[in-house]
Amino acid sequence: MRIREQALRTAGEDFGRDLARAAKLRPSARVQDGLERVCAAVRSLGFHATLDHVEGDTAVIRTPTCPLRPLVTERPEAALIDRGMWAGLVEKGLKGVRAESVDCETHSCLDGGQSCVVIIRLRR
């Protein structure tokens with residue numbers, strides 16, 4: 001990953017950890033429970049997020065009001081910050097998981113009529 005891309009991702013991870021602290025997110029050993037807690041933490045901060053499903057080490061979260069959606073809509077390169085934010089949140093929601101081992105993809109963020117789709121892959 002290039003230096004700028006890594007810096008954006010790291011900034012997002014730090015922001016996600018800050019959001020987790022603000023929401024008093026407590027980690028869970030179970031993936032399903034931990035990701036439900038992540039969504040609840042995001043909701044407690046005023047943004048809607050729902051765990052769509054978990055299959056193995058892959059999960060899908062849907063959010064029509066993602067915290068960074070306005071930024072990503074204005075500056076698409078900020079998607080790296082957004083993905084880092086989700087990784088930071090997941091780190092705080094799942095015991096034994098580090099943000100560096102969380103791969104995130106985001107889809108539909110630029111389409112105002114759709115919910116953002118966050119695909120989370122855990123590398124153990």
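Guide: Helices and strands here are DSSP runs numbered from the N terminus, a strand having at least two residues. The model under discussion is a predicted one.

Visitor: In which element is the place of Cys-104?

Guide: With elements numbered from the N terminus, the run to consider is the one covering residues 102-107. Cys-104 has its place in that run, which is strand 3.

Visitor: Is Cys-104 buried or exposed?

Guide: The cut-off for a buried residue is a relative accessible area under 20%. Cys-104 has 9% relative accessibility, and therefore it counts as buried.

Visitor: Which residues is Cys-104 in contact with, leaving aside its neighbours within four places in sequence?

Guide: Contact requires heavy atoms within 4.5 Å. Ala-78 is 26 residues from Cys-104 in sequence and 13 Å from it in space, C-alpha to C-alpha. Leaving aside neighbours within four places in sequence, the contacts of Cys-104 are Arg-83, Trp-86, Ala-87, Ile-119 and Ile-120.

Visitor: Which residues have the most contacts inside the largest nonpolar core?

Guide: The largest nonpolar core has 35 residues. Nonpolar side chains tend to be buried together in soluble globular proteins. Inside this core, the residues with the most contacts are Trp-86 and Ile-120.

Visitor: Where does the largest share of this core come from?

Guide: At least two residues of the core are supplied by each of helix 1, helix 2, strand 2 (58-63), helix 4, strand 3 and strand 4 (116-122). The largest share is seven residues, and its source is helix 4.

Visitor: How are helix 2 and helix 4 oriented to each other?

Guide: Helix 2 (residues 31-44) packs against helix 4 (residues 79-93) with the axes 9 Å apart and at an angle of about 120°. Angles of 65 to 115 degrees count as roughly perpendicular and those over 145 as roughly antiparallel, so an angle between these classes is left to the remaining one. Helix 2 and helix 4 are therefore oblique.

Visitor: What is the handedness of the crossing in which helix 1 passes helix 4?

Guide: Helix 1 and helix 4 pack with their axes 6 Å apart, at an angle of about 45°. That angle makes helix 1 oblique to helix 4. The crossing in which helix 1 passes helix 4 is right-handed.

Visitor: How many residues of the contact of helix 1 with helix 4 are charged?

Guide: Helix 1 contributes residues including Glu-5, Arg-9 and Glu-13, and helix 4 contributes residues including Arg-83, Glu-91 and Lys-92. The contact divides into nine nonpolar residues and four polar ones, while the charged residues number eight.

Visitor: Is Glu-13 buried or exposed?

Guide: Glu-13 has its place in helix 1 (residues 3-22). Among its contacts beyond four places in sequence are Gly-84, Met-85, Ala-99 and Glu-100. Its relative accessibility is 5%, so Glu-13 counts as buried.

Visitor: What is the relative accessible area of Arg-43?

Guide: Arg-43 is found in helix 2. Not counting residues up to four places away in sequence, Arg-43 touches His-48, Ala-49 and Thr-50. Arg-43 is partly exposed, and its relative accessible area is 38%.

Visitor: What value is phi of Lys-24 near?

Guide: Lys-24 lies in the loop between helix 1 and helix 2, and with a relative accessible area of 63% Lys-24 is exposed. Most residues other than glycine have a negative phi. Lys-24, a residue other than glycine, has a positive phi near 55°.

Definitions and conventions:
Residues are numbered from 1 along each chain as its sequence is written. This is a predicted model: local features need pLDDT of at least 70, side-chain atom pairs count only at pLDDT 80 or more; totals for chains, interfaces and linings use all residues. Side-chain values use heavy atoms; hydrogens and water are left out. Axes are lines fitted to C-alpha atoms, for helices over the stretch in contact, and angles run from 0 to 180 degrees between N-to-C directions. Helices (H or I, at least four residues) and strands (E, at least two) are DSSP runs, numbered from the N terminus. Angles under 35 degrees count as roughly parallel, over 145 as roughly antiparallel, 65 to 115 as roughly perpendicular and the rest as oblique. Buried means under 20% relative accessible area, exposed over 50%, partly exposed in between (1.4 Å probe, protein chains only). A nonpolar core is a set of buried Ala, Val, Leu, Ile, Met, Phe, Trp, Tyr and Cys residues joined through side-chain atoms within 4.5 Å. A crossing is left-handed if the near helix is turned anticlockwise from the far one by less than a right angle, and right-handed if clockwise. Ala, Val, Leu, Ile, Met, Phe, Trp, Tyr, Cys and Pro count as nonpolar, Asp, Glu, Lys and Arg as charged, and the others, Gly among them, as polar.
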